Every structure is written in structure tokens, then in C-alpha cells.
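Okay, thanks for coming, everyone. Let me put the model up and we'll walk through it together.

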Amino acid sequence: MSGASATSRPHLDDLLEQARARVETMSPDEMEAMLRAQQRSWVRGEMAMGESSAMHRAPAEPITAATLAGSLDLLDPDPALITPEAMACALARSNRWAGNTMLPVSVAQHSVLVMEIFIRRNPVLRHAAISPLLHDGHEYAIGDLSVPTVKLLTLRLPGLDKHIEAEKLRLDIAIRAAWGIPAPGIDILALVHEADRFAASIEWLSAIHPTNGQNPFPAPPAGIPRRIKPLSWDRAEDAFRQALERELALRPWEAVGEGEGLRALGSSMQDATRSRRPIMSDLNDYANLCHAANMKWWQDETGKPLERNKGELLCLIHSEISEAMEGERKGLRDDKLPHRWMAEVELVDAMIRIFDYAAAFGYDLQGAFEEKMAFNAVREDHKHEARSIAGGKKW
């Protein structure tokens, strides 16, 4: 670039600042129109920021990446080739931290972790869980470029990091367009970024060798597990694919109101319950919701985490079952919800405590539930012939 053209062209940072200033003064309708215009332009490979701001021009030949679904043209992605199976397969085999971990940590496992943290921190935004799940979705086609790698390359080629971010964004928009997912707003993106940093902190504590020094990321708040268990390729692939397929099947973002997309900060939980909208889709979602509601029992008045005794917590679960037994024994109505039977309410109290406990200590209730149900369906000691013999289970 000549010296004259370098001085005449606005710096990208200045353009971004101008764009932010415009966004802050936009009405919801103007914002929606802008997002749709950006989608149309980004999918074509250009950023709509003025006549001098095009990031690149498409070459004559396509640039393709091999995926499980076929060769994907990175400049003009075919929606038919953007599939949950292809994305899950690639992300499960893509290592975080350039592979420099003591345990396997895949992008697929990371994405599910970010989604779980996002839900746990923001239970009323359950409808937006697809955003944290897909925050690294573009990496299934272009791989995981580590932050140090991007910094090094940008040092040699100034401005390259902006081009990389533009390509990531363009692929993200193509993915959303293929699956009919509206663009998230700045509020959602900020919360996804927060969850992403907490996930990085957990991964650092779990898998980065101590010789690398102190954890540079913010410590996860109370109620967020401090460690993760590594998942094999197959398990990470299944976890990501199942989460993605569930969100695409339920499409909970459509329940928050036409035209709001994922920009809404969430509808009333009371309204959602009254209309039976599909806010919760598995046991872990209920666990996250209960734990968020019970956070006051896990922090002091300053927000400092409290140490809870596991034995005491398990005994409290048992106490709710004992109260349900007392309600059944005496045929009592509940004293707080007198229109309901005492046993009914106490069983729910036990469930709330179980969900709270599981979320606090990072237990995967949904996964355990599915595996245990499958195991029980074929176990020998549950069959009638085994139960009828001496020493067999009678109940």
C-alpha cells in the first residue's frame, strides 16, 4: 500500500468506533435492519462498512475445506454441507490450546462447557443457549487458531487479525443462515464471552501443566465446577451433536417473541411456565436453573463463595424424602401450598436439592440418566426370572 493511500483510508479501528457509536443510537427496528443487511453482505464475503471498507474480493476459484459432509467452499458455503454431524466430528477432533494439554480437551467439549456455564449463569436466557454452543462453530471448517499464533502472524502481517476475525464472522453467519438462527445481540455476545473465559479458566486448571504459571483467566464463580473430566473423541462428538440437535429441534429462541431473535434478554420465566414453552430440555437444564435460584445459599452477603459440606447436603435431600413419607402416612396437605398434597411438594423439594447439588459439583445428570436407563433395561437382576429365585430382588 502506498503512503498516500495509507493516509487516505480510514483506520479499521476508527471505522469500528464509528460503527459502535451508530449502534448505540439505533432503535430496535434499525438494529434489526442493520443485522439483516450485514448478514446479506457478510455471506457474500464483504463487510458493509462503507465503499472503502471491503476486506477482500473473491478469487475466481473456490477455496474448499474437506468436511464430513463434503468439500465446503469457504467463500460461498453450501448450506446443505453445514450439518451437525460434520461440525461435531471436526470439533471433537480439534484440540484446544494447540494440543498442549495434559488431558484431551477438544473444541467440542469446550463448546458444550461454555453453553453449560452460560445457562448456569443466565438461566432466564436458556432460549439463547445456541449462541455459546456455536461460538466456535466456524472452527469446524478453518480449525482452531490459537491466540498466540494469531498474535505472531499479525506481528509479521499487521492487520491480519482483523481479516481472520472477519472470516470467522462470515462463516458464523453462514452457519446461522443454514439453520435459520437469528444473530445474537451485543448483550448475548458479552455473556458468551464471559462464559468462554470461565471455561478457559477451568481448562487451564484441569489440563495445562503447572510449569506454565498461574491461571491468567478469571476464576469461575461459586457454583461453577473448577475441573473438567476429559472426554474421548466419540463422547465429545456425541455430547456436542446431541446438544446441537436438541437446540435445532426445540428452537427455543422462537418462543421469546417474533422479531426479537436472540437479542432479547429473556422473557418472564413465569410467562414461559404458564405457556409451557420449551425452556428446559434436559435434567442439566433443571439443575442449572435450581442452582442459580439457590445461589444465596452458596455465597455470603458480599458474594464470596461458601464451603458446603457434601454429607450435610445429601442429608438435607434425605430430609425432604422423610417429610414426603410423613405426608403420605398422615394424608396431609402442604402447609405452604395447601392446594397440593404434602408428599407432592416435598418430592419437588427433594428434586430441587438434588438439582442444586448436581449443578454445584458439576454432575452430568442427563448423561448419567440416559446411561443408567439403558443399563437397567438389559440388566439380568431386574428380569422376572432373576427376581423370582432365592436371593433375587423382590422390589
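Predicted model: local features only at pLDDT ≥ 70, side-chain atom pairs only at ≥ 80, totals over all residues.

Residues are numbered from 1 along each chain as its sequence is written, and side-chain values use heavy atoms, with hydrogens and water left out.

So, the protein chain has 17 helices and 2 strands; those are DSSP runs numbered from the N terminus, helices being H or I with at least four residues and strands E with at least two. Of its 395 residues, 40% count as buried, meaning under 20% relative accessible area with a 1.4 Å probe, protein chains only. Take the contacts with a separation of 6 or more: 67% of them join residues 24 or more positions apart. Contact here means heavy atoms within 4.5 Å.

Now the core. A nonpolar core is a set of buried Ala, Val, Leu, Ile, Met, Phe, Trp, Tyr and Cys residues joined through side-chain atoms within 4.5 Å. The largest one has 48 residues, and Met-87, Leu-134, Tyr-140, Trp-179, Phe-240 and Leu-244 have the most contacts inside it. Helices giving two or more residues to this core include H4 (84-92), H9 (160-179) and H10 (186-207), but the largest share, 9 residues, comes from H5. What does Tyr-140 touch, leaving aside neighbours within four places in sequence? Its contacts include Leu-72, Met-87, Leu-91 and Ile-175.

On to H9. Its 20 residues should span 28 Å at 1.5 Å a residue, and the end C-alpha atoms are 29 Å apart, which agrees; the expected span is 1.5 Å times one less than the number of residues. Buried residues in H9 include Ile-175 and Trp-179, but also Lys-168, Arg-170, Asp-172 and Arg-176. Just after H9, Gly-180 takes a positive phi of about 65°.

Last stop, the second largest pocket, with a volume of about 1,200 Å³. Of the 42 residues that line it, the closest to its centre are Glu-116, Leu-231, Arg-235, Asn-284 and Asp-364. H5 turns up again, giving the largest share of this lining, 9 residues.

For the record, a pocket is an open set of points on a 1 Å grid over the protein atoms alone, where a 1.4 Å probe fits, with protein on both sides within 12 Å along at least five of seven lines; lining residues have an atom within 4 Å of a point. Points are joined across faces, edges and corners, and the volume is the space filled by probe spheres set on them.

Definitions and conventions:
Buried < 20%, exposed > 50% of the residue type's maximum accessible area, 1.4 Å probe, protein only.
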